[in-house]
There are 2 protein chains.
Amino acid sequence: MNKVLPAAPFDRILRKCGAERVSEEAAQELRDIVEDIATNFAIEASKVARHAGRKTIKEEDIALVARTPNHF
Amino acid sequence: MNKVLPAAPFDRILRKCGAERVSEEAAQELRDIVEDIATNFAIEASKVARHAGRKTIKEEDIALVARTPNHF
């Protein structure tokens, strides 16, 4: 699956967290890992919204999934 | 801390994962959670790079942190 998140903000996050220099591959790797996590969250959020009889994913679906362990 | 990740790609991820409709707050909530996770990764990656005697964060630092449990 192609990535939809841009890599540049992850470079910025790494620098904000104490990195003096960041390799391009490091920012891309962080983006890839984080996008996989977001995708897993999205799949679970979609299931719990359907479970609640809704076609719209709401904030509460994301919050429920975020509080549920072992979804990574 | 202000968020650096844009919310729009998270709306796209949610739709790719089966959502018919996505509330604006849901995309923002997913962005917020995921950015917190990325920030925790970045803090740990910065530590392991320093531990290795480097000022540059490399892909291997991100990979090491991603394989280490309980960093969320």
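Helices here are DSSP runs of H or I with at least four residues, strands are runs of E with at least two, and both are numbered from the N terminus.

Some ground rules. This is a predicted model, where local features need pLDDT of at least 70, side-chain atom pairs count only at pLDDT 80 or more, and totals for chains, interfaces and linings use all residues. Residues are numbered from 1 along each chain as its sequence is written, chains are lettered from A and ligands numbered from 1 in the order in which they are written, and side-chain values use heavy atoms, with hydrogens and water left out.

I'll stay with helix 1 of chain A, residues 8-16. Its buried residues are A:Pro9, A:Phe10, A:Ile13 and A:Leu14. Buried means under 20% relative accessible area, exposed means over 50%, and partly exposed is in between, with a 1.4 Å probe and protein chains only. These four cover an arc of only 145° around the axis, so they sit on the same side of helix 1 of chain A. The arc is taken from the directions that run from the helix axis to the C-beta atoms.

What covers them? From chain A, the cover includes strand 1 (21-22) and helix 2; from chain B, it includes helix 2, strand 2 (56-57) and helix 3. Contact, here and below, means heavy atoms within 4.5 Å.

Take A:Pro9 as an example. Its relative accessibility is 6%, so A:Pro9 counts as buried. Leaving out residues up to four places away in sequence, A:Pro9 touches B:Val4, B:Leu5 and B:Pro6. A:Pro9 and A:Arg31 are 22 residues apart along the chain, and 8.8 Å separates their C-alpha atoms.

Next, helix 2 of chain A. With residues up to four places away set aside, A:Ala45 touches A:Ile57, A:Asp61, A:Ile62, A:Val65 and B:Leu14. On the same terms, A:Val48 touches A:Asp61, A:Leu64 and A:Val65.

Now a pair across the two chains. The axes of helix 2 (residues 24-51) of chain A and helix 3 (residues 59-67) of chain B come within 7 Å and cross at roughly 25°. The axes are lines fitted to C-alpha atoms, for helices over the stretch in contact, and angles run from 0 to 180 degrees between N-to-C directions. These two helices are therefore roughly parallel to each other. Angles under 35 degrees count as roughly parallel, over 145 as roughly antiparallel, 65 to 115 as roughly perpendicular, and the rest as oblique. Chain A contributes A:Glu25, A:Ala26, A:Glu29, A:Leu30 and A:Ile33 to the contact, and chain B contributes B:Glu59, B:Ile62, B:Ala63 and B:Ala66.

Last, the cysteines. A:Cys17 is buried at 12% relative accessible area, and B:Cys17 is buried at 13%. With a disulfide defined as a pair of cysteine sulfur atoms within 2.5 Å, the count over all chains is zero.
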